[in-house]
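Hi,

Have a look at it first, then read on.

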Amino acid sequence: MQNPAAKKQVAIKNVTLTFNKGKKNENKALDNVSFDIYEGETFGLVGESGSGKTTLGRSVLKLYEPDSGSITFDGQEITRMKRKELGDFRRKAQMIFQDPQASLNGRLTVSNILGEGLDEAGYPKDKEKRRKKILELLEMVGLNEDHASRYPHEFSGGQKQRIGIARALAVKPKFVIADEPISALDVSVQAQVVNLLAQLQKDHGLTYLFIAHDLAMVKYLSDRIGVLHWGKLVEIGTADQVYHHALHPYTKSLLSAVPEPDPVKEKAHHVTSYDPSFEKDGQDRQMVEVESGHFVLATPSEAEKYKEKQNEWQ
Amino acid sequence: MQAPILQVKNLSVSFQTYAGVVQAIRGVDFDLKKGETLAIVGESGSGKSVTTKTLLGLNAPNASVKKESQILLGQDNLASYMEKDWDQVRGAKIAMVFQDPMTSLDPTMTIGKQIAEPMEKHLGMSSKESEKAALTLMKDVGIPDAEKHINDYPHQWSGGMRQRAVIAIALAAEPDILIADEPTTALDVTIQAQIINVIKAQQKKRDMSVIFITHDLGVVANVADRVAVMYAGKIVEKGTVNEIFYNPKHPYTWGLLSSMPTTSTALGSLHAIPGTPPDLLYPPKGDAFANRNDYALDIDHEKQPPFFKVSDTHEAATWLLDERAPKVEPPMEIQKRQAYWRENFVKEG
């Protein structure tokens, strides 16, 4: 659990974002979403396809403009940043993408790819210094000097993702959004990349927003987790609160669907189905804190029920 | 013991590419019994998809199946089939469900027609009969309001519903064997659970055999009766689902089981398999996993291990099972599983 005195790195408040506004295919991708990400923690975002998790990640990097609400980074409102501040912000906040092939320039060598990052960070042009720095970055992600002069297509998927991570780290960011960073990788390589992310966080005090549909991976890496459903956050809590004491029916249903590598458990496995109709009963639902740090989207009467449930567990 | 309905013996498949010959499958043996589910697990490039495509003669033109390979379906050896022979197998005896439901459906044909087509072709139904049967099948696989949607086109449906349609098409000609190649990988977990249930229910109803290809061990634990673990074009371990999950013997199986977190894995305890799979243009001399294997013995780099028998249903290709091999301690995660095995599956005395 995060230290209560920890500083807020990112604060997202009442963010709503609509695509195709005013058109027939209008789509409210984010609906009144609020949460904070504290310095040094990993905030995991889970949800099914179309839930808005990628949209949310991109909004935090100012790649999308929300209709309303505020997103602050280190206390600064990102929607109102001027050119210079924005440049600064773009260095401090980096992204690791799902498809490492598509996110690396195929015409540049690894050393040039990382060099671009160093330019961006205003690193000195001195050749020898640069070579050392690039080597340092490569070693940080488990690659070596031999790799510097090669092109992206010469690498395996896992190695490409390592280059993507090194590129993100070249500008010395404080905050990294990893959007499905392992879903394109072989299973035996996924754990390598996840362990690398955890190690880098420890060494450099990074803050992560980790977005993935692999619920077990998100649980493994995250301190706190938010569950998105149809653009709304329905539950936020520590990884244990959300996974072992889930309260919102959607969270429960989502988690019950995760198959575990345990045949005896699986043969008796029961998936709880979710009936979304209750969400559309017209009642107003707010995020309610049912125990310290554990929030659920609920009406006042539902909140009472959740609190009772919570007390039973304790 | 019941005779298997499908026997694969010494299957080897290679691909001629501009860079050389890729030996995608290097001698695979397995059988499939009536009504059971065999899961084939492995990562991309391990040969699991090529294996199943070979069972349907669906490999690219640059593929060649080695002469001594046998795929016995009843009396017939599918490995020697010519293109014209396959018609009576595909869909009729063995049918397949692919990963991506959008690319396996015809966008220009109604879903009802696509389900009816194999019934007319293989079961000799008239178009009236097949339409009726298609409707029943749509209901069977859980498509709501089937009457209303029988004339829909694939693009009008969600991914989960499309995958139900693909399953209905696969079942249409009443095959004996259903091959499901990563059928839920493109779907969300809640939809995945539904699709797995549809496949299981239909399997039970039809007493059909299923080959389930996946890299997700959670899914395997759920669906499989028996499991074959593939690595670099070979099966390295096979056994019942309980044997593979609670008493695994091959270090690659150990690695797979300890590199995937469950919702209760503590941070820092995830064990990654180092390195990457070998290039099958130049398959290694000994055990293909040796370079990534913390438990590799000297002989692993020199000589391909044979299968060692663990039980009547369980065998693994690792030199660690040779009586001369040193005793090793498997990773923590595996020791826990083995303790569970001893408590629950090993009879006293």
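First, a word on the annotations: UniProt positions are given in the numbering used here, feature names are shortened, and annotations may be inferred rather than shown by experiment. On the bookkeeping, residues are numbered from 1 along each chain as its sequence is written, while chains are lettered from A and ligands numbered from 1 in the order in which they are written. Also, this is a predicted model, where local features need pLDDT of at least 70 and side-chain atom pairs count only at pLDDT 80 or more, though totals for chains, interfaces and linings use all residues.

Domains

An unreviewed UniProt entry puts "domain: ABC transporter" at residues 6–257 of chain B. That span of chain B is 36% helix and 27% strand, with its end C-alpha atoms 28 Å apart. Helices (H or I, at least four residues) and strands (E, at least two) are DSSP runs, numbered from the N terminus. For chain A, the feature "domain: ABC transporter" is placed by UniProt (unreviewed entry again) at residues 10–255. Here the span is 40% helix and 25% strand, and the end C-alpha atoms lie 27 Å apart.

Where the chains touch

Contact means that the C-beta atoms of two residues, placed from the backbone, lie within 7 Å. Chain A puts 32 residues into the contact and chain B 31 residues. On the chain A side, α7 (187–204), α8 (215–221), α10 (249–256) and α11 (263–267) each supply at least two residues. The most comes from α7(A), with eight residues.

A helix pair in chain A

α7(A) also packs against α6(A) (residues 157–169), at an angle of about 15° and with the axes 10 Å apart. Axes are lines fitted to C-alpha atoms, for helices over the stretch in contact, and angles run from 0 to 180 degrees between N-to-C directions. That angle makes α6(A) roughly parallel to α7(A), a label for angles under 35 degrees. Among the residues making the contact are Ile165(A) and Leu169(A) of α6(A), and Leu196(A) and Leu200(A) of α7(A).

A covered helix in chain B

Is helix α1 (residues 48–55) of chain B mostly covered or mostly open? Mostly covered: seven of its eight residues are buried, meaning that 20 or more other C-beta atoms lie within 10 Å of a residue's own, with C-beta atoms placed from the backbone. The buried ones include Lys48(B), Val50(B) and Leu55(B). Just after α1(B), Gly57(B) has a positive phi of about 60°.

Cheers

Notes
Buried ≥ 20, exposed ≤ 12 C-beta atoms within 10 Å, placed from the backbone. Parallel < 35°, antiparallel > 145°, perpendicular 65-115°, else oblique.
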